[in-house]
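This report covers the metal sites, ring contacts and strand pairing of one protein model. Please read it alongside the sequence and coordinates.

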Amino acid sequence: MNITYYGHSCFGVEVNNKHLLFDPFISPNELAKNINVNNVKADYILISHGHEDHIADAVAIAKRTNAKVICNWEIYVWLNKQGVENIHPMNIGGKIKLDFGNVKCVNAVHSSSLPDGSNGGNPMGFVIESKEANFYYAGDTALTYDMKLIGDYRKINFAFLPIGDNFTMGVDNAIIACDFINCKDIIGMHYDTFGFIKINQEEALQKFNHSGKKLTLLKIGETIQK
Ligand code: NI
Ligand code: MN
């Protein structure tokens with residue numbers, strides 16, 4: 001499984017030869033200025049919630065690639081108004097079987113308005129189950145006991161967790177989330193993009209290390225294999 005970091009909470013993950021793109025926010029991100037958004041591949045675009053820093057490039061990439069967008073009902077309605085046609089609306093608790101594996105929408109504790117101020121529905125996280133691996137993409141969320149359900153029902157091989165604090169959980173709570181989801185292999189997201197979420201990366205890595213867990217902080221544009 002190849003994982004490419006496009007900055008903030010945006011990742012491309014190749015699952016069974018399909019390109020999944022999570023929370024596309026690239027062109028407004030100064031830190032991601034070396035990424036050409038026109039080259040980003042997508043067969044599926046998964047959107048956790050409506051905030052600008054998760055959806056900014058969704059319409060353009062969806063139209064260019066004709067990728068299937070997976071999002072909640074309210075974002076489905078909004079994207080449809082922007083002329084995006086290939087969308088599969090879901091909501092928390094729902095699971096679908098796709099050609100690369102399963103997508104299950106899980107709870108996220110956050111808010112969700114769309115860039116024009118309209119209602120973005122409820123924020124979600126995603127659990128991807130596939131033959132290659134299972135992983136959890138948390139979206140923007142606080143630490144919540146609901147995460148225990150995620151680890152109870154299947155093995156989570158690795159997870160994308162927000163660690164920037166302020167708008168989401170920070171490093172200390174992300175370490176507790178590892179125990180809730182029963183997974184020690186974490187890729188950090190939602191940090192350093194803006195002033196509110198600047199972290200001390202060295203300290204974050206050390207804290208995970210001391211608790212017997214692994215935090216990976218990718219460089220923007222970097223690809224790793226899982
Ligand atoms: Ni948000
Ligand atoms: Mn955010």
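Does H51 count as buried or exposed? At 17% relative accessibility, H51 counts as buried, because the cut-off for buried is under 20%. The model discussed here is predicted.

## Nickel site

The nickel ion (ligand 1) has four protein donors: H49 through NE2, H51 through ND1, H110 through NE2 and D140 through OD. These donors lie 2.2 to 2.3 Å from the ion. Along the chain they follow the spacing H-x1-H-x58-H-x29-D. H49, with 0% relative accessibility, counts as buried.

The angles subtended by the 4 donor atoms around the nickel ion (ligand 1) run from 85 to 179°, so the arrangement is irregular. A tetrahedral assignment requires all angles to lie between 85 and 135 degrees. For reference, the ideal angle for four tetrahedral donors is 109.5 degrees.

## Manganese site and the bridge

D140 bridges the manganese ion (ligand 2) and the nickel ion (ligand 1), and the two ions lie 3.0 Å apart.

H54 belongs to helix α1 (residues 52-55), while H190 is in the loop between β12 (185-189) and α6 (201-210); the pair therefore ties together parts that are 136 residues apart in sequence. H54 and H190 are both buried.

## Aromatic pairs

The structure holds 15 aromatic pairs. In one of them, Y5 and F11 have ring centres 4.6 Å apart and planes at 25°, so this pair is stacked. Y5 and F11 are both buried. Another pair, F22 and F135, has ring centres 5.9 Å apart and planes at 70°, so it is edge-to-face. F22 lies in strand β3 (residues 18-22) and F135 in strand β10 (residues 134-137), so the pair ties together parts that are 113 residues apart in sequence. Both F22 and F135 are buried.

Ring pairs also join residues into a cluster made up of Y5, F11, F22, F126, F135, Y137, F158 and F160.

## A lysine over two rings

K148 lies over the face of Y145, 4.3 Å from the ring centre. The charged end of K148 also sits over the ring of F180, at 4.7 Å from its centre.

## Strand pairing around β1

Strand β1 (residues 2-5) pairs with two strands. With strand β14 (residues 223-225) the pairing is antiparallel over 3 bridges, and I3 has I224 as its bridge partner there. With strand β2 (residues 11-15) the pairing is again antiparallel over 3 bridges, and the partner of I3 in β2 is V13.

β1 and β2 form a hairpin with 5 residues between them. G7, in the turn, has a positive phi of about 95°.

## The loop at S211

S211 is found in the loop between α6 and β13 (214-216). At 28% relative accessibility, S211 counts as partly exposed. The C-alpha atoms of S211 and K184 are 9.4 Å apart, with the two residues separated by 27 residues along the chain.

Notes. Residues are numbered from 1 along each chain as its sequence is written. Chains are lettered from A and ligands numbered from 1 in the order in which they are written. This is a predicted model: local features need pLDDT of at least 70, side-chain atom pairs count only at pLDDT 80 or more; totals for chains, interfaces and linings use all residues. Side-chain values use heavy atoms; hydrogens and water are left out. Donors are N, O and S atoms within 2.8 Å of the metal (3.2 Å for Na, K and Ca); water is not among the atoms, so sites may look incomplete. Four donors count as tetrahedral if all angles lie between 85 and 135 degrees; four count as square planar and six as octahedral if opposite donors are over 155 degrees apart and all others between 65 and 115; anything else is irregular. Buried means under 20% relative accessible area, exposed over 50%, partly exposed in between (1.4 Å probe, protein chains only). Rings of Phe, Tyr and Trp (its six-membered ring) pair if their centres lie within 6.5 Å; planes under 30 degrees apart count as stacked, over 60 as edge-to-face and the rest as tilted. Helices (H or I, at least four residues) and strands (E, at least two) are DSSP runs, numbered from the N terminus. A charge sits over a ring if NZ of Lys or CZ of Arg is within 6 Å of the ring centre and within 35 degrees of the ring normal. Two strands pair if DSSP finds at least two bridges between them.
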